[in-house]
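Thanks for coming. Please look at the sequence and the model on the screen, and I will go through a few of its features.

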Amino acid sequence: MNLLIRNATAILTGQPGSAARHAGPDIRVRGGKIAAIGKLSPEPGERQIDAGGCVVYPAWVNTHHHLFQSLLKGDPLGINATLTPWLAATPMRLRPTMDEGMFRLAARIGLVELALSGCATVADHNYHYYPGMPYDGSAILFEEATALGLRFVLCRGGGTLSRRKEGELPPASRPETLDAYLADIERLAARFHDNAPDAMQRIVVAPTTPPHSMRPQELRECADVARRFGLRLHSHLSETVHYQDSVFNQHGMKPVQFCESVGWLGSDVWFAHLVKLDADEIALLGATGTGIAHCPQSNGRLGSGIAPVRELEAAGAAVSIGVDGAASNEAADMVSETHAAWLMQRAKAGETTAALHRGGRGEAEAAASTTVEDVVRWGTAGGAKVLGLPGIGTLAPGQAADIAIYALDRDPRYFGLHDPAIGPVASGGAVHLKALLRGGREIVRGGAIPDLDLPELSQQARAAVARLTGQSAGG
């Protein structure tokens with residue numbers, strides 16, 4: 001479809017420095033790609049979207065999620081817990097009771113929530129796998145993303161070890177063998193993986209957590225297989241001090257050093273969280289170009305802390321943003337996440353300040369810290385970089401037309417805003433998404449997904465939660 005987006009109030013491009021903003025005010029789309037940005041005149045047969053009163057961003061790229069958790073939000077047994085007790089109270093307790101219908105519904109809810117925030121690319125770290133599983137969860141995830149028109153990256157989680165004794169585990173929580181895991185990676189790569197720079201589908205090798213999910217030699221073998229097939233690597237790491245204790249007790253080293261020892265650092269690797277890092281670990285991640293999926297809301301909700309994102313980027317690490325699972329977030333959308341990232345990184349900078357009379361620089365460090373433009377870049381171009389999708393993530397001629405258009409003229413939270421460009425991130429809250437384009441295709445129109453019955457989806461979710469909690473109580 002030939003398309004012209006006209007009269008944008010502001011455009012953020014996802015690019016660094018002076019290129020972060022473009023005066024526009026128009027963007028032309030041809031063949032699913034951006035053909036031009038500037039002051040453009042309509043051409044015959046060209047459909048137009050009036051972006052007056054709107055700001056335009058690259059569509060968000062979410063680099064870490066657990067879509068199955070979309071039915072596990074706000075569980076009272078885990079709401080005030082830190083990571084390890086929360087894992088036992090909520091996902092470990094409820095995941096084994098999910099059937100195929102619940103799994104599909106959870107995926108749909110999470111993808112819809114993301115799309116309505118302006119996200120067109122989703123990397124899901126799915127670890128809901130077990131021996132004899134009666135349905136293909138990987139295929140379901142791709143089907144649901146395809147139905148909505150979203151780009152989808154499956155980070156194939158799971159592992160050969162469990163945090164609990166195997167005899168205590170229900171069948172749906174039992175670990176796999178390494179042979180079965182790698183065979184499924186090969187199957188999925190052959191069926192779904194696309195190496196195109198703007199691919200619709202990708203596969204990533206992603207054992208759930210290096211210290212807990214696989215033995216060192218198994219992790220090495222996973223890295224070797226991934227690189228042989230041209231796949232990326234992803235996992236959780238250093239979310240809490242428990243990771244530091246676990247890796248030290250098992251291997252006598254720090255978590256990042258352990259990952260280096262098993263071949264799990266490099267520009268083809270990114271980790272979620274990375275909250276608890278020493279200076280030498282930051283330097284090692286930066287020197288190897290390893291990436292982070294920064295998940296500020298989950299890290300705050302679980303009391304884990306705030307990741308040293310600015311330090312990681314300064315060292316050379318690739319920075320992206322992920323919403324993490326809704327069971328440790330409760331609002332798994334990219335606008336909420338980027339708003340939190342902006343606030344938390346500025347707060348973290350403020351925590352390091354020192355008074356002038358004590359030899360410090362006063363508020364200078366905090367004043368020079370994270371900008372909204374930084375956060376937009378992390379959540380778009382940064383995500384494209386860690387996923388290896390250079391054809392998306394920025395607004396520039398030749399790039400895929402993955403574009404989010406936010407209307408600021410109907411919500412009083414934006415009234416009186418001196419710089420409309422920063423509105424979606426700085427003001428936070430629910431946004432009115434006038435349009436979301438993925439490759440030029442309109443995924444969201446007028447704040448809604450065409451042909452999607454949200455009240456019906458809400459009713460299905462309520463019924464599924466009732467079943468899920470009833471089964472858990474009974475079992």
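I start with a term I will need throughout: buried means under 20% relative accessible area, exposed means over 50%, and partly exposed is in between, with a 1.4 Å probe and protein chains only. By that scale Arg445 is partly exposed, with a relative accessible area of 48%. Glu442 is buried, at 14%. These two residues form a salt bridge, with the closest N and O atoms 3.1 Å apart. A salt bridge here is a side-chain nitrogen of Lys or Arg within 4 Å of a carboxyl oxygen of Asp or Glu.

Some background on the model. It is a predicted model, in which local features need pLDDT of at least 70 and side-chain atom pairs count only at pLDDT 80 or more, while totals for chains, interfaces and linings use all residues. Residues are numbered from 1 along each chain as its sequence is written, and side-chain values use heavy atoms, with hydrogens and water left out.

Now the sheet. Helices (H or I, at least four residues) and strands (E, at least two) are DSSP runs, numbered from the N terminus. Two strands pair if DSSP finds at least two bridges between them. In general, strands of a sheet pair through backbone hydrogen bonds, either parallel or antiparallel.

In what order do the six strands of the open sheet come? The order is β3-β2-β7-β16-β17-β18, and the pairing is mixed. At the edges stand β3, residues 21-22, and β18, residues 441-445. Each has a single partner strand, so one side of each is left without a neighbour in the sheet.

Let me take β16, residues 403-407. Five of its five residues are buried, so the strand is largely enclosed by the rest of the structure. Both of its faces are covered: Ile403, Ile405 and Ala407 are buried on one side, and Ala404 and Tyr406 on the other.

How many disulfides does the structure hold? It holds zero, a disulfide being a pair of cysteine sulfur atoms within 2.5 Å. For Cys54, the nearest cysteine sulfur is that of Cys119, 19 Å away. Cys54 is buried, with a relative accessible area of 2%. Cys222 is in no disulfide either, and its nearest cysteine sulfur, that of Cys259, is 13 Å away. Cys222 is also buried, at 0%.

Next, some backbone details. Gly24 and Pro25 are joined by a cis peptide bond, with omega about 5°. Pro25 sits in the loop between β3 and β4, the latter being residues 26-30.

Which residues other than glycine have a positive phi? One is Asn7, with phi near 65°. Asn7 is in the loop between β1 and β2, and it is partly exposed at 39%. Another is Glu330, with phi of about 75°. Glu330 lies in the loop between β15 and α13, and it is partly exposed at 27%.

Back to charged side chains. Side chains of opposite charge can pair when their charged atoms come close. The structure holds 29 salt bridges. One of them joins Arg30 and Glu46, with the closest N and O atoms 2.9 Å apart. Arg30 is in strand β4 and Glu46 is in the loop between β5 and β6, so the pair links distant parts of the chain, 16 residues apart. Arg30 is partly exposed at 23%, whereas Glu46 is buried at 9%.

Lys254 and Asp278 also meet in a salt bridge, at 3.0 Å from N to O. This pair again links distant parts of the chain, 24 residues apart. Lys254 is in the loop between α8 and α9, and Asp278 is in the loop between β13 and α10. Lys254 is partly exposed at 26%, and Asp278 is partly exposed at 30%.

Last, there is a network of salt bridges that links Asp136, Arg156, Glu176, Asp184, Arg187 and Arg191.
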